[in-house]
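Dear colleague,

Please find below the structure I promised to pass on, together with its sequence.

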Amino acid sequence: MIWDPFYECMDPEERAELQVRRLRETVARLNVNVPWYRDRFAEAGVAPEDIRSLDDLRRLPFTTKDDLRDTYPFGLFAVPPEECVRIHASSGTTGKPVIAGYAREDINIWAETIARTIACGGGSSHDVLHNAYGYGLFTGGLGLHYGGELMGCLVIPASGGNTERQLMLMQDLGSTILCCTPSYALTIVDTAEEIGIDPGTLSLKSGLFGAEPWSEGTRETIEERLGLSAHDIYGLTEVIGPGVAAECEAKAGLHVFDDHFIPEVIDPDTGEPLPPGESGELVFTCITKRAFPIIRFRTRDITRLDVEPCECGRTQPRMERITGRTDDMLIIRGVNVFPSQIEEVLLQIEGLEPHYQLVLTREGRLDNLRIEVEVSPATFSDEVRKLEALEEGIRERVSSALGIRVDVKLVEPKTIERSIGKAKRVIDMREEA
Ligand code: ADP
Ligand code: ZN
């Protein structure tokens, strides 16, 4: 099912006209209501009436995470805070959280884009939607919640944690859709095995997983062990929360709901827009929001866009799964490394579990990366010699994939801390050294 065929399957040229009109209106409103944007537009020498085509988007200034911190808390709001009905904050993966405000219309838009997301994952009003994203300031919980209700699903607001009880609820209530971070899905898999729940006794058919990078290997593991179809969903607080882009049944990229959020991919060094197919930093402009419409927000997420038609019938452009963010890129002895590249390699190796940690240390002036990865219980009972050979094999494969030498340490099953929200994969001990 497509939730809103009018917009999701719109003729791209018609949609471009709609986007330009909405963009011009948004810029005009910001120009009147937000002094910070008024100054930036003036500096860039651009007035609302200059926005005549989508190409004019590039004349607008970028907004960065630092700008949000500098104008904290209400400096970029386009309405007085009392006209808002809700606040959310980013999870602060990379520092002090930033907040976003929502007027009632924004909450409605959000519920719509989440309903589209659920439909992308094969959901309908008949589904029981088990929502294990955290409720609170984090956008995951309430975001999925309101969209699920709009869709007409039976929503179970489980939030994160107490995994055994979550499994019991899923069993008893016949949950058909699971929503959580991919790393928490792995925790659920683990716990189910531990307490002897056969995933076959669950009614799950689909999963909506996002909020952190994950690999194709993790997808396979989750799909196989929970017996569902796993869909990647994407979003960020500054733009609205989840519900910015979602993977349809074709699983060939995530459709961006660009009648609300215009995506661009830019060269992160020069700021120049890149054509479809080229990989760079994702940038979003909100063109329908009332309280907090952000202009050319630099997400720091790396992806590329695909504007070719999709077999599902939706015409909205697709973004490739996020391979990492510029700020979780590790620079090890001058080489750029994303944790997701390492995950990709690890999950292709027999005998390993999808639980790992990257420990960075500094020895003298040299950075050192140690990968700690859990072995499966069956492998763990092998002879020491075999384990050593496995360790050596991993070292070779990862080192050749990354182009730098890494250390590998196999650890016992269930020793790496399980995640209930976004997983913390990197432990950087270089500061202390
Ligand atoms: P924070 O930046 O503090 O983590 P958010 O909670 O708003 O703030 O999370 C948004 C970020 O989460 C995105 O910018 C992106 O880096 C990451 N993210 C969200 N969905 C996905 C996804 N499907 N794949 C990879 N990364 C994702
Ligand atoms: Zn599609």
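A residue is called buried here if its relative accessible area is under 20%. By that cut-off phenylalanine 209 is buried, because its relative accessibility is 0%, and tryptophan 214, at 5% relative accessibility, counts as buried too. Please keep in mind throughout that this is a predicted model.

The search of the whole structure found 8 aromatic pairs. In one of them, the ring centres of phenylalanine 77 and phenylalanine 292 lie 5.5 Å apart with the planes at 70°, and since planes over 60 degrees apart count as edge-to-face, this pair is edge-to-face. The two residues come from distant parts of the chain, 215 residues apart: phenylalanine 77 belongs to the loop between helix 4 (65-70) and strand 1 (86-89), whereas phenylalanine 292 belongs to the loop between strand 11 (280-286) and strand 12 (297-303). Phenylalanine 77 is buried, with a relative accessible area of 5%, and phenylalanine 292 is buried with a value of 3%.

Phenylalanine 209 and tryptophan 214 also form an edge-to-face pair, with ring centres 5.9 Å apart and planes at 90°. Elsewhere, Trp36, Tyr37 and Phe41 make up one aromatic cluster.

Two arginines are placed over aromatic rings. The charged end of arginine 86 sits over the ring of tyrosine 146, at 4.7 Å from the ring centre, while arginine 298 lies over the face of phenylalanine 62, at 5.2 Å from the centre of that ring.

Note on methods
Residues are numbered from 1 along each chain as its sequence is written. Chains are lettered from A and ligands numbered from 1 in the order in which they are written. This is a predicted model: local features need pLDDT of at least 70, side-chain atom pairs count only at pLDDT 80 or more; totals for chains, interfaces and linings use all residues. Side-chain values use heavy atoms; hydrogens and water are left out. Rings of Phe, Tyr and Trp (its six-membered ring) pair if their centres lie within 6.5 Å; planes under 30 degrees apart count as stacked, over 60 as edge-to-face and the rest as tilted. Helices (H or I, at least four residues) and strands (E, at least two) are DSSP runs, numbered from the N terminus. Buried means under 20% relative accessible area, exposed over 50%, partly exposed in between (1.4 Å probe, protein chains only). A charge sits over a ring if NZ of Lys or CZ of Arg is within 6 Å of the ring centre and within 35 degrees of the ring normal.
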